[in-house]
Amino acid sequence: MNIQTTREQQLLNWINIHTNFTCEALIMVSADASFRRYFRFQSDDKWIIAVDAPPEFENCAAFVNVASSYKEHDIHVPKVYAYDLDLGFYCQEYFGDTLFSEHLNHQNCHQLYKKALGVIPLVQKCKATLQGPLPIYDAVLVNREVAMLKDWLLDKYLQMRLSENELRVIQQATKSLTDNFLSQPYAGVHRDYHSRNLMILGDDIGVIDFQDAVVGPITYDAVSLLKDCYQKWPQEWVASWLKVWHQEFYSNYSWDDFKFWFDITGMQRHTKVAGIFARLYIRDGKSGYLADIPRTLEYLIEAANAYPEYKDFAAVIGDKILPAVLAKQQSIAYA
């Protein structure tokens, strides 16, 4: 019996012994990019979500605490019915199976993105839980994240040797990104606010996977949503959605500054995520995210090309790294 099977049996036993629910069998719902696994089960004709979040890898306390804070700010998050932080098990409200990502189409996207963007100002009010302030998205965290591009995508996945000049371009660009990232106003940040972490609940938007919430740049969640690593929309649509959001909630900042912050934050996020997707394949054996790396790099190239100081960075990504990623994917597909 492997570790996952053992934990699944332990989760089932915990539900029946230590909660008010009865569970005959767990049905796998999903295993996401983290170490968490989601199951559902029926108890008294009601569907419940059971989560296996190994405590050595996942911060269950953060999930429970942020859920409480988000609820206080009228954000539609799942109710947590029971939990054991030491075991890394919890039961939560079932939000159905209508993911934002699967419901989107060219006809409803304008309305849905407006609705999803409208939730972000509520998230931004959440800077603390009853247990204390949320972590700050500081220089240490940003530097650790931008380093993932070289450490995981270039060195480990592509095993690519760059010239001294190319390395210097990347180092200078990521240093500049970090400085600009940290210079914008800060607010509460979900940190992974994208189409796969939102649910359609009638006329409402349900929000999940918020355990990594921090206090960070005001444009971060908008970038996660509008420049989604799993979705891509015409640039003019994204700019239009952002501009309306800016005018409605952030008109105290100039549009030029706000758009610059948005683009910079997107570049930081996509630099990080390209490395994370490579790490998921190398370290965790999750190959499904490899297909999303080119999209993250394309976002990075588009944003970098809009600013003269990042054009050399765009060239290194577009001329060398993206072709290598595409070639690597082809070799894996035919292996």
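**Figure 1. Overall fold of the protein chain.** The secondary structure comprises 11 helices and 11 strands (DSSP runs numbered from the N terminus; helices are H or I of at least four residues, strands E of at least two). The radius of gyration is 21 Å, close to the 20 Å from the globule rule for 335 residues, so the chain is as compact as a globular protein of that length. That radius is taken over C-alpha atoms, and the rule is 2.2 Å times the number of residues to the power 0.38. This is a predicted model: local features need pLDDT of at least 70, side-chain atom pairs count only at pLDDT 80 or more, and totals for chains, interfaces and linings use all residues. Residues are numbered from 1 along each chain as its sequence is written, and side-chain values use heavy atoms, without hydrogens and water.

Figure 2. Of the 335 residues, 53% count as buried (under 20% relative accessible area, 1.4 Å probe, protein chains only). Among contacts with a separation of 6 or more, 70% come from residues 24 or more positions apart. Contact means heavy atoms within 4.5 Å.

**Figure 3. Packing of helices H8 and H9.** H8 spans residues 235-249 and H9 residues 255-282. Their axes lie 11 Å apart, at an angle of about 125 degrees (lines fitted to C-alpha atoms over the stretch in contact; angles run from 0 to 180 degrees between N-to-C directions).

**Figure 4. Residues joining H8 and H9.** From H8 come Val238, Ala239, Leu242, Lys243, Trp245 and His246. They meet Trp255, Phe258, Lys259 and Phe262 in H9.

Technical notes
Buried < 20%, exposed > 50% of the residue type's maximum accessible area, 1.4 Å probe, protein only.
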